[in-house]
Amino acid sequence: MQSEIIEKIRSGGQAELAWIYEEYRQEFLHWIGKEYRCSSDDSKDIYQLTILIFHDNIKQGKLEHLVSSVKTYLFGIGKNIALENMRKEKRYTPINQEKWLKEYLIDDTSQGTDESFFDMAKTALEKLGQPCQKLVEMFYYEKKTITEIATAMQYKNPETAKNQKCKCMARLRKIFDTEMTKPQNVVPHGYH
Amino acid sequence: MDTTENDILLLEKFFDEEMNATEREQLMQRVKDDEPFKALFEREKLLITAIRHEGLKNNLGYLQSLEAAMAREPIATTSRRWYYLAAAAITGALVAVAVLLSRPSDPEQLFQSYFTPYPNVFDPTVRGEQTTPLHSEAFQDYEQGHYSKAADELGALYKEHPDPGVLMLLGNANLMVGRVEEAKQNFITLNDKFDSLDLQAKWYLSLCYLKTGDVEQAKKILKELGESDISYASKARELLEKVK
C-alpha cells in the first residue's frame, strides 16, 4: 500500500499531488491545530509545505520505501516544520512559505551558499524565459525522463529534447555569469 | 572543444545521473582538489537548486488554489481527477471575476464577510495541562457557540490566568455578541503584551475598526498586514482593496 502511494506520486503529476493533499488534509489540520496552537490558515500553510516536501523527497529519489505509514511520515514532517518555525522565531509566527522553501533548498543542497547568489540564479532563471524554463523544470524538479519531456513538449524525438535541454542550460549559465558581473552584484565568491 | 566545455559536459553527466559509482567518485575527488572545477560544480548545483525552487513555488501556488477551491465547495467523490485539473483554472476565473466585481463596500458588510471566529485550538485538556471546571466550561461554551456565556467565563479565566490563547478567544466571543469596544481592548492588549498571536490579533483588531466604521484605522492595520510576509497578508490586501 505505502509503496503504491510512493510509486503513484513518483510517476504522477499535479493530479497526484492534489490527490495526496486531499487524502490526509482533514486529519492533519485537526491534529496540527490542536497540537501547536495554529489557526486554520497557519495549519494550512504548514500542511502545504509538508505535502511539498513529501512530494519532493519522492521525486528526488530520497524516499523509496516507508517503514511507517504515510500518515506518520507526514505528521513527522509537519511537526518538524512547526517546531523549527517556533524555534527560529522564538514564538509562533505565521510561516512565509516561499522563504521557507528557499531555506529548505539551500540547507539541503548548497553548503555555505550565500542567499544573494541564490537570488541571482533565480533572476537568471526568470530571464531564461519559456519554453526553456518549463523544460529544465520538468527535467530537474519533476524528474521527468527525456522521452516524457519530448512527448509533453512535442519535440521531434528524445534526442532533440535532450539537445534543447543542454542548450537551455548553457543559456542559463551565460545569463547567470552576466548577472554576477553586474557592478551591484560583484562580491568575492567562488563561482569563477 | 576546450577544457571548460569538457568539464561542463562532465558535470551535466553527473547532475543528470548518467554516471556510474566510480565516475561519480572520481568527479567528487576532482571537486575537492581542483578549485576552478569546484567553482563550475557549485554554479551548476546552484542553478539546479534555483530550478527546483521555481518548481516548488509553482506547486505551492497550485496547492493554494486547490485549498481555496476546496474551501468554496465540497469535493464530489466522483470525477476527482477532473476536479483537480480544473481547480486552478476555476480558482483563477473566480478570483478574476471577484476582482472585476469588487466595488467599495459598506464596512459593516465587509466585516460580516470577513469575520470568522478564531477556532478553539487552546483547549488545555488536549495538551495535558491542568484544567479547572471554569476552563472546561469556557472552552465548551465557546465551541458550542454560546458566546455570551463564554465571554463572561473567558473574562474570569483571563483574570486568573493571563494567557494569550484565552484572550484571543475572549476578544472573539466579545465581537460575536457585539461588545466591540471590549473586543478591541482585548486585541490591543494581546498585541501589546504578548509575543504570540499578536499578528492574528491585528487582523481581528482591523475587523473591530471596520465594525465600528473607523475605516481609516482599519486601513492602517490592513496595509501593515498586507505588506508583511505572513499568511494573513493576501486576505488583508484583498480586504484593503475593498475598503478603499
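Is B:Ile221 buried or exposed, and how many other C-beta atoms lie within 10 Å? Keep that in mind while you look at the model, which is a predicted one.

1. **B:Ile221.** B:Ile221 is buried, because 23 other C-beta atoms lie within 10 Å and the cut-off for buried is 20 or more. You'll find this isoleucine in helix H11 of chain B. Setting aside neighbours within four places in sequence, B:Ile221 is in contact with B:Lys202, B:Leu205 and B:Ser206. Have a look at B:Tyr204 too: B:Ile221 and B:Tyr204 are 17 residues apart in sequence, and their C-alpha atoms are 9.9 Å apart in space.

2. **The nonpolar cores.** Which residues have the most contacts inside the largest nonpolar core? They are B:Leu154, B:Leu169, B:Ala173 and B:Cys208, in a core of 37 residues. Seven stretches of chain B each supply at least two residues of this core: H6 (133-143), H7 (147-160), H8 (164-176), H9 (180-193), H10 (198-211), H11 (215-226) and H12 (233-243), every one of them a helix. H10(B) gives the most, with nine residues. There's also a second, separate core of 28 residues, and A:Leu17, A:Ala18, A:Ile51 and B:Leu56 are among its members.

3. **H8 and H9 of chain B.** Two packed helices are described by the angle between their axes and the distance between the axes. For H8(B) and H9(B), the axes come within 8 Å and cross at roughly 160°. That angle is over 145 degrees, so the two helices are roughly antiparallel to each other. H8(B) passes H9(B) in a left-handed crossing. On the H8(B) side, the contact is made by B:Pro164, B:Leu167, B:Met168, B:Leu170, B:Gly171, B:Asn174 and B:Leu175. H9(B) answers with B:Val180, B:Glu182, B:Ala183, B:Asn186, B:Phe187, B:Thr189 and B:Leu190. Sorted by class, the residues of this contact are nine nonpolar, four polar and one charged.

4. **B:Pro117.** This proline is in the loop between helix H5 (107-114) and H6 of chain B. B:Pro117 is partly exposed, because 15 other C-beta atoms lie within 10 Å, a count in between the limits for exposed (12 or fewer) and buried (20 or more). What does B:Pro117 touch, not counting residues up to four places away in sequence? The partners are B:Asn172 and B:Met176. B:Pro117 and B:Leu175 are 58 residues apart along the chain, with 8.6 Å between their C-alpha atoms.

5. **Chain A as a whole.** How many helices and strands are there in chain A? Nine helices and zero strands, so from the N terminus on, the elements read α-α-α-α-α-α-α-α-α, helices being counted as DSSP runs. Chain A has 192 residues, and 34% of them count as buried. Take the contacts in chain A with a separation of 6 or more: 61% of these are between residues 24 or more positions apart.

6. **H1 and H3 of chain A.** Here's another helix pair to look at. Helix H1 (residues 2-11) and helix H3 (residues 40-59) of chain A have axes that come within 9 Å and cross at roughly 85°. That angle falls in the range 65 to 115 degrees, so H1(A) and H3(A) are roughly perpendicular to each other. A:Ile6, A:Ile9 and A:Arg10 in H1(A) meet A:His55, A:Ile58 and A:Lys59 in H3(A). By class, this contact has three nonpolar, one polar and two charged residues.

7. **Backbone spots to check.** Most residues other than glycine have a negative phi, and most peptide bonds are trans. Here are some exceptions. The peptide bond from A:Gln130 to A:Pro131 is cis, with omega near 5°, and A:Pro131 is in the loop between helix H6 (115-128) and helix H7 (132-140) of chain A. A:Gln154 has a positive phi, near 55°. A:Gln154 lies in the loop between helix H8 (146-152) and helix H9 (158-181) of chain A and is exposed, with 8 other C-beta atoms within 10 Å. B:Glu17 also has a positive phi, near 60°. You'll see B:Glu17 in the loop between helix H1 (3-15) and helix H2 (21-33) of chain B, where B:Glu17 counts as exposed, with 9 C-beta neighbours inside 10 Å.

How values were computed
Residues are numbered from 1 along each chain as its sequence is written. Chains are lettered from A and ligands numbered from 1 in the order in which they are written. This is a predicted model: local features need pLDDT of at least 70, side-chain atom pairs count only at pLDDT 80 or more; totals for chains, interfaces and linings use all residues. Axes are lines fitted to C-alpha atoms, for helices over the stretch in contact, and angles run from 0 to 180 degrees between N-to-C directions. Helices (H or I, at least four residues) and strands (E, at least two) are DSSP runs, numbered from the N terminus. Angles under 35 degrees count as roughly parallel, over 145 as roughly antiparallel, 65 to 115 as roughly perpendicular and the rest as oblique. Two residues are in contact if their C-beta atoms, placed from the backbone, lie within 7 Å. Ala, Val, Leu, Ile, Met, Phe, Trp, Tyr, Cys and Pro count as nonpolar, Asp, Glu, Lys and Arg as charged, and the others, Gly among them, as polar. A nonpolar core is a set of buried Ala, Val, Leu, Ile, Met, Phe, Trp, Tyr and Cys residues joined through C-beta atoms within 7 Å. A crossing is left-handed if the near helix is turned anticlockwise from the far one by less than a right angle, and right-handed if clockwise.
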